[in-house]
Amino acid sequence: MKKFYRALGLMFACLFLAGTLQASEAKNVIWIIGDGMGPDAIGFFMQGVRYGGLKDYPEKVSYLEQFLQNAQWGLFFNNTYDTVVTDSAAAGTQMATGQLSRPEFIGVDYNGQPVENLLELARKQGKAIGIISDAYVADATPAAFTAHVKNRKEKMEIARQMVAFGPEVILGGGLKYFSTGENKKLLNTAQKEGYRVAKNKKELAAVKSGRVLGLFADEAMPMAVEMHRYPKMPTLAEQTQKAVELLSQNKNGFVLIVEAGKIDWAAHAHDTGAWFYEMKALDEVLKYAQAYADKNGETLVYLNADHDTGLGAFAYRHLGKQKAMEKTAQGEVLYGGDVDYASFGVFARLEKQKSSLYYLEEELKKLPAEKLTPEYLQKRFSEALGEEIDITQFENLTDVSGLFTQLNESRGLFWATPSHSSLPILSAAYGPQADEFTGVYHNTDILPRMKKALGWSEK
Ligand SMILES: [Zn+2]
C-alpha cells in the first residue's frame, strides 16, 4: 500500500511539474555572461559572501546563490571546431550563432562565413535588442552578438558594424573605438541614426526612450574594485536597469545581453581580491534581473559564462616540513601537523582590497629598479590590499608577478594557469522556459534552446 501511495505521489508530482514546465514562451530574455566565470569563480564568490564580512550582505547570502537556488541548472562544454580550449571570440560566436567556430573569429563559422546571430533573429521577430559590457563594447563577447569579422582585433570595424546593425541599447566602455582615427565620426553617424550619446551616469539617466549609445570610459571601464573612485560612471547593474527600462517599451519584448567582462581580466592577472569584486558586480546585476523577472513574469534570465579563466581556488599547503604528509604503501595519505587548510578569515581580508593589483603591477613595471625598494613596495601593496603586508614578502624580489603568487599562496590561494581552461561551464536559467537549459550540452546548443524558449521554433 505504501508503494502505491508513493507511486501516486510521484504521478501527481510529475503532472504538477509538467504543468509548470509548459508555461508559455518567454517574451523577454536577459542573458548575463560572466566572462571567464568558471565554477571556481562561482564557488569562490558564494563562499566569500558567506564567510566574509561585507555589510552589503547582512544575511550572508549572495544574490548569485539565491538565483542558483531558484534556477534550472545545466553544464556545458565550449570546445571550438578543432580546439579543446576556447577564447571569448569563439565562445561568444558559438553561443550567439549556434555554429562551431575558431578562436579569434567573431560572428563567423569555422570556414569564416558570417552566420546569423541571436540578436539578428530577435530583430526579425520585432524585438528590441541591447548589448552591455563593462569591459568595452568592441571586445570579443559583445562583438560576437553584433558583428562578423575574422579577427577580434578588428575593433574599429567591429564598432562600425555595431552602429550599422543598430541595437537599441549599446552600453559600456570603449569610447575611443567610436571617436578616434578611422572612426572619428562614428558618434556623429550614430546620432544621425537616432542614438542619444551618453558619457556618464547623469547623461544616461536623462535618456527616457529611444536608442542610446552609452560609452563611459575611453577603453575598458575600471575594475570593479576601483569603481569607488569613479562615482560618475554607472555600474553594470545601473546600466542593466536602464537598458531594461528602455527596451521594455517595445510591445514585442526584448533580448538583452549583459557581459560582466572583467571577471576574466582579474583571473588572468591572478588578482584574487579584484576577482571577488568583479563577481560582486555581476551579483548586483542578478539582484536586479531576478527581481525584474519576478515582477514581469514573461522574462527569462539566463546566466552562464563563455569559459573558465585561471583555475583559481583554495588548496591546502605544507608549512615547512614536507613530512607532514606521507604516503603509505597502499597509497593512503596520512595528514600531520604542519598543513594549512586556509582559514575562513581569508575572505574578510580579501574584501579589504582597495585597488587592482594588475593596474599596480603595470605601474610598477614602468618604474626604475632602484625605486622598487622593499619599503616602497610594502607601502604600495599595503594601500592596495587594505592591510599591512609584512615587509619580508618584498625582500629579494626579482619580479612583481612572482609577488602575486607569493601573496596568494600565503593566503592559501592557488592559480593553475594565467590563461583559459577547458573546465565545463555552469548555466542557470530562471523564468518561463527555464527548463530548456538543463542537462549536459555544448555551447552551440544554446541558440537552438533559446529559440525554443522564445517560441521561434518547434519543440
Ligand atoms: Zn580571457
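Guide: L75 lies in strand β2, residues 72–77 (strands, E, at least two residues, and helices, H or I, at least four, are DSSP runs numbered from the N terminus). The model is predicted, with local features requiring pLDDT of at least 70 and side-chain atom pairs pLDDT 80 or more, while totals for chains, interfaces and linings use all residues. Residues are numbered from 1 along each chain as its sequence is written, and side-chain values use heavy atoms, without hydrogens and water.

Because its relative accessibility is 31%, L75 counts as partly exposed (buried is under 20%, exposed over 50%, partly exposed in between, with a 1.4 Å probe and protein chains only).

Elsewhere, a zinc ion is held by D264 (OD), D264 (OD), H268 (NE2) and H420 (NE2) at 2.1 to 2.4 Å; donors are N, O and S atoms within 2.8 Å of the metal, or 3.2 Å for Na, K and Ca, and sites may look incomplete as water is not among the atoms. Along the chain, the zinc donors follow the spacing D-x3-H-x151-H. H268 counts as partly exposed because its relative accessibility is 31%, whereas H420, at 16%, counts as buried.
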